[in-house]
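Open the model in your viewer and keep the selection panel at hand. The stops below are meant to be taken in order.

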Amino acid sequence: IQSKLPGVGTTIFSVMSNLAAENNAINLSQGFPDYPCDPELTQLVTKAMKDGFNQYAPMPGNNFLKETIAEKVEKLYNVKYNPDTEITVTAGGTQAIFTALAAIINPGDEVIIFEPAYDSYAPTIKLLGGLVKTYELAPPDYGIDWDMVKKLFTSSTRMIILNSPQNPTGSILSEEDMKALIRLINGTDVLILSDEVYEHLIYDERKHKSVMLFPELKERSFIVASFGKLLHATGWKLGYCLAPEQLTKEFRKVHQFNVFSVNSPMQQAIADYIKEPSNYIGITAFFENKRNYFRSLLADSRFELLPCKGSYFQCASYSKISDEKDTDFSMRLIKEFGVATIPVSAFYQKATDYKIIRFCFAKENSTLALAAEKLKNV
Ligand code: PMP
Ligand code: GLN
């Protein structure tokens, strides 16, 4: 058959996690915790099942959960979203991204993305007949020159995808970035898809600059969030999308036909759990400590650590160790040293290779220590 996605293979996250398992390597590749989520949360799922939450949830999401999300967002950002018309519960961030793009992108529409990027963006755009316009970010800071972004704008530009804190680089967008973006889109009808799944994972006292804080951006943005990150439960595949009413209307037209609604007992349990902010507010310090610990472990290795301002990923250059391609080097790390990572070229469509690999530090400290022992021999 004629492939709709020629050139697309299996996602790097499956490839590396499978290789880690086959080679019995420590898996610092795919981003997920190796420790359990709070037992209180799993008990709440059992409770929700016993309480009868076992049939379809309402199409846009459990009402209690949507209200709780609205409360959480207002508490954190002092911004209001209407649970009835502006919040939709999704099967993780990935489905929210897919659905927002499917609701908006027509064949020939152009979407601007910043690479290295989470690997679902480009294939989803292409699947919809859209054209990917790429801005390549470069180490060590992965900053954006907005005048260069402007050069990517054409009359076909339909959307721009932001991701802050960023996967895989751990970089973040500042207030100045947001102001430059506002100037850039002023007078256009370009929409924004803002992937904020790492909103709580931002360090060194920095504050997350959500697009919702800027009315000129909020009015044209889909914001994507993930409970997988917030609750250390990536396998639950639950998240949500915030968007103004007109955008949410279009979003739900697609959502109702690609999943209809998502896991009912878990929605109820999550609402019960996050109703209490102390159940998630500590996550920032928790991951900041892990980042600091992992960086300290690698301080006397031959890897050069890049800045990590957010996310649960630490990037490192190995250019002082080897001039192999990053894909070859990460293979060798698995096979010879027993540590699985992600080669950052996997996040560029052109496989741009800066000799950088990505470690996930959402792991037990003992896992990080064991990995570091091995990495010190590299
Ligand atoms: N966006 C980014 C930047 C991610 O790293 C991820 C995955 N961890 C997602 C979206 C998808 O989130 P989910 O697992 O909730 O689908
Ligand atoms: N976001 C996670 C990562 O970057 C993995 C998501 C996935 O496996 N699709 O590692």
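The tour goes from a strand to its sheet, then to the nonpolar core and a ligand.

This is a predicted model, in which local features need pLDDT of at least 70 and side-chain atom pairs count only at pLDDT 80 or more, while totals for chains, interfaces and linings use all residues. Residues are numbered from 1 along each chain as its sequence is written, and chains are lettered from A and ligands numbered from 1 in the order in which they are written.

**Strand β13**

Select residues 356-360, which form strand β13. Strands (E, at least two residues) and helices (H or I, at least four) are DSSP runs, numbered from the N terminus. Five of the five residues of β13 are buried, so the strand is largely enclosed by the rest of the structure. Buried means that 20 or more other C-beta atoms, placed from the backbone, lie within 10 Å of the residue's own.

Which strands join β13 in a sheet? The order is β9-β10-β13-β12, an open sheet of four strands with antiparallel pairing. The edges are held by β9 (304-305) and β12, each with a single partner strand, so one side of each has no neighbour in the sheet. Two strands pair if DSSP finds at least two bridges between them.

Next select β10 (residues 313-317), joined to β13 by five bridges. Here A316 stands opposite I357, and S317 has I356 as its bridge partner.

**The largest nonpolar core**

A nonpolar core is a set of buried Ala, Val, Leu, Ile, Met, Phe, Trp, Tyr and Cys residues joined through C-beta atoms within 7 Å. The largest one has 104 residues, and A100 and C241 touch the most other members. Helix α4 (residues 92-104) gives the most to this core, with seven residues.

Centre on C241. Leaving aside neighbours within four places in sequence, its contacts (C-beta atoms, placed from the backbone, within 7 Å) include A96, A100, F222 and F251.

**Ligand 2**

Finish at ligand 2, with T11, F13, Q30, G31 and N167 around it, each having its backbone-placed C-beta atom within 6 Å of the ligand.

Note on methods: Buried ≥ 20, exposed ≤ 12 C-beta atoms within 10 Å, placed from the backbone. Contact = placed C-beta atoms within 7 Å.
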